[in-house]
Amino acid sequence: MTVAQRNARLTAAARTQPTDREQVFESIFAEHYARVYGVLFRLVGDRAEAEDLALEAFWRLWERAAHWPENMGGWLYRVATNLGYNALRAGKRRAVYETDALLPEAPPNPELAAETAAERQRVRQVLEHLPARDAQLLILRHSGLAYKEIAAALQIAPASVGTLLARAEKEFERLWENDHDPSA
Amino acid sequence: MTHLPEATLRAYLDHALTDAEHAETAAHLTECAVCEQALATLTARAQRVNVRLAALSPMASEAPTPTPTAYARLLSRRSASRKDLFTMFTTLFSKRARPLWVGLSLVLTLIIAFSFAPVRVWGSEFLGLFRVKRISVLPVDITRLGELNDDSTLARRISEMFSDSVTIHREPTPPQTVANAAEAAQVTGFAVRLWKDAPTAPVLTTQSGTAFEIVVNRDRAQAILNEAGRSDLQLPATLAGATIAVDIPAGVSAAYGDCPRADAPEGDAERRIPWSRLRSCVILAQIPSPTVNTPPDVNVQELAEMGLQFMGMTAEEAHSLAQTVDWTSTLVVPLPQNAMEYKEVTVDGVKGYLFYRDPDDGVPARCTLLWVKDGIIYAMSWFDEAERGLAIANALE
């Protein structure tokens with residue numbers, strides 16, 4: 001039995017059995033935590049904040065234990081990317097976070113770290129200006145989610161993921177180039 | 001020849017087509033120069049974007065906490081499920097101050113030998129409550145604790161220790177929205193008080209409360225202390241295997257105006273209200289005092305002294321301060337020096353504390369009032385002028 005099959009079985013059981021509910025939740029957590037973190041880290045760029053938001057997403061899933069969605073993974077990534085995207089837009093202190101994030105491990109070449117930080121900031125600036133769905137699509141894909149998972153997370157038809165992804169990339173690139181030209 | 005849609009080409013590039021579709025697309029591409037060119041354009045762009053996005057990937061030093069540890073953190077957060085009531089505290093003790101609370105929770109660990117993740121802090125995490133009758137603020141010098149803040153291994157070990165030793169007897173259930181004060185009183189079992197003459201009707205949310213037990217693993221706690229460089233503080237032997245039972249009753253929060261809603265639906269945009277609109281927000285939370293039972297042979301005052309020493313006080317200072325507080329009936333709020341202003345006020349006919357943080361970074365001033373009356377703990381938070389909130393608190397019905 002695959003993890004997904006097992007979860008589907010457990011999800012059905014969990015609607016009535018609290019013990020199973022606990023099991024389902026734990027297996028969902030084990031399956032998705034690291035990746036949810038990865039998605040959030042890319043969006044917010046701060047380890048502590050990404051972990052906090054990841055726990056927040058799981059927390060919300062737990063709070064809905066009585067009415068768990070059919071596709072828990074999809075629901076989870078939707079909530080996580082919403083939290084992350086909102087935090088990205090709200091994150092005035094992004095630059096500070098990024099500096100902090102680089103502190104724990106002193107890089108051999110400080111110049112490189114500063115460059116990485118600047119690059120990250122620029123990429124996030126572009127994401128911030130993209131429509132939410134485009135930014136979320138790019139991040140989810142880059143975090144390794146399959147088309148089906150992305151479709152479930154963003155509530156779009158699986159067949160349209162390719163089109164929307166191509167469009168988001170085009171828009172990303174357009175904004176990236178504008179970013180290099182301050183007059184644009 | 002019909003050309004392939006962009007969706008197919010992009011999916012082909014990601015190997016996201018079925019085997020049959022993939023083969024079909026590949027065959028078409030060998031024959032169609034237009035599609036081949038379109039694919040080349042898509043591929044080049046996708047690669048360029050990927051290179052940009054790769055900058056965001058976590059580096060080795062940014063890897064997440066191991067999953068079991070993260071799960072333990074979530075469990076302790078869940079068992080301390082009192083979400084709405086803490087909204088004000090997360091505001092009060094903002095993210096910037098958060099690492100400090102890791103250190104503080106370490107201290108409180110010693111005082112009563114229980115604590116939770118340093119987020120969503122509420123009274124019982126500050127200190128073992130027996131039955132709260134009064135509140136006291138304890139300004140602490142955090143220089144000493146500062147060294148511990150960076151020690152995430154230690155924080156993790158503490159969190160693990162708790163998740164290993166907690167048994168939940170009454171699971172918290174999700175918050176519930178109720179229609180009015182009468183219904184809230186029915187759910188929670190105490191008379192709920194509200195803002196008289198409020199300009200808008202409140203959103204009333206009840207919290208289920210929770211009950212759990214902790215069996216103290218003295219040796220493990222001592223090992224953590226030793227690791228923190230404080231082997232001079234020896235936990236009493238009576239603590240070994242002691243069972244501490246905590247019961248947190250159901251509480252209610254009333255949110256007036258545009259407040260961040262903890263139970264916002266999954267879209268959650270409304271959780272992030274512009275600060276300018278938050279000025280209309282007043283949150284009044286009330287909860288009957290939690291109870292904590294410890295075995296009679298655990299000397300709480302001795303533990304409190306140890307906790308104070310851990311915070312950096314000398315043995316003498318800790319001893320004399322510990323004498324002045326009745327640890328079984330006082331909710332002690334340790335407040336880092338300079339974190340925010342506070343003052344003692346008379347509110348609702350009793351002594352209370354007003355915490356005030358200056359406006360900064362586009363955020364209006366944040367105020368919180370904390371008081372205890374007739375066995376109920378009240379906490380009220382709002383933005384802007386302190387006087388406005390005091391007037392509301394003095395006219396609760």
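Me: How do β13(B) and β14(B) pair, and over how many bridges?
Reply: They pair in the antiparallel sense, over eight bridges. β14(B) covers residues 376–383 of chain B. Keep in mind that this is a predicted model.

Me: Which residue stands opposite T368(B) there?
Reply: S381(B), in β14(B).

Me: And the turn of that hairpin, what is in it?
Reply: Two residues lie between the strands. D374(B) takes a positive phi near 50 degrees in this hairpin.

Me: Is β13(B) mostly covered or mostly open?
Reply: Mostly covered. The strand spans residues 366–373 of chain B, and seven of its eight residues are buried.

Me: What about C367(B), buried or exposed?
Reply: Buried, because its relative accessibility is 1%. Y356(B) stands opposite C367(B) in β13(B).

Me: How many bridges join β12(B) to β13(B)?
Reply: Six, and the two strands run antiparallel. β12(B) is made of residues 350–357.

Me: Zoom out. What is the strand order in the sheet of eight?
Reply: The order is β3-β4-β7-β8-β14-β13-β12-β11, in chain B. It is an open sheet with antiparallel pairing.

Me: Which strands are at its edges?
Reply: β3 (176–178) and β11 (341–347) of chain B. Each pairs on one side only. Neighbouring strands in this sheet are turned by 20 degrees against each other on average, direction ignored.

Me: What joins β8(B) to β14(B)?
Reply: Seven bridges, with the strands running antiparallel. β8(B) holds residues 282–288. One bridge pairs L284(B) with M380(B) in β14(B).

Me: Which helix packs on this sheet?
Reply: Helix α15 of chain B, residues 386–393. It touches β8, β11, β12, β13 and β14 of chain B. Its direction makes about 145 degrees with that of β14(B).

Me: Now the sheet of four strands. What order?
Reply: β2-β5-β6-β9, in chain B. This sheet is open too, and its pairing is antiparallel.

Me: Why is one side of β2 and of β9 left without a neighbour?
Reply: β2 (166–170) and β9 (291–293) of chain B stand at the edges. Each has a single partner strand, so one side has no neighbour in the sheet. On average, neighbouring strands here are turned by 15 degrees against each other, direction ignored.

Me: How many bridges join β6(B) to β9(B)?
Reply: Three, and these strands run antiparallel. β6(B) is residues 243–248. D247(B) stands opposite T291(B) in β9(B).

Me: Switching topic. How many disulfides over all chains?
Reply: Zero, from a search of the whole structure.

Me: What about aromatic pairs, how many?
Reply: Eleven, over all chains.

Me: Staying with chain A, where does D46(A) lie?
Reply: In the loop between α2 (18–44) and α3 (47–63) of chain A. D46(A) is buried, with a relative accessible area of 11%.

Me: What lies 2.8 Å from a polar atom of its side chain?
Reply: The backbone nitrogen of E49(A) lies at that distance from the D46(A) side-chain atom.

Technical notes: Residues are numbered from 1 along each chain as its sequence is written. Chains are lettered from A and ligands numbered from 1 in the order in which they are written. This is a predicted model: local features need pLDDT of at least 70, side-chain atom pairs count only at pLDDT 80 or more; totals for chains, interfaces and linings use all residues. Side-chain values use heavy atoms; hydrogens and water are left out. Buried means under 20% relative accessible area, exposed over 50%, partly exposed in between (1.4 Å probe, protein chains only). A polar contact is a pair of N or O atoms within 3.5 Å; within protein, one must be able to donate a hydrogen and the other to accept it, and residues adjacent in sequence count only if both atoms are side-chain atoms. Two strands pair if DSSP finds at least two bridges between them. Axes are lines fitted to C-alpha atoms, for helices over the stretch in contact, and angles run from 0 to 180 degrees between N-to-C directions. Rings of Phe, Tyr and Trp (its six-membered ring) pair if their centres lie within 6.5 Å; planes under 30 degrees apart count as stacked, over 60 as edge-to-face and the rest as tilted. A disulfide is a pair of cysteine sulfur atoms within 2.5 Å. Contact means heavy atoms within 4.5 Å.
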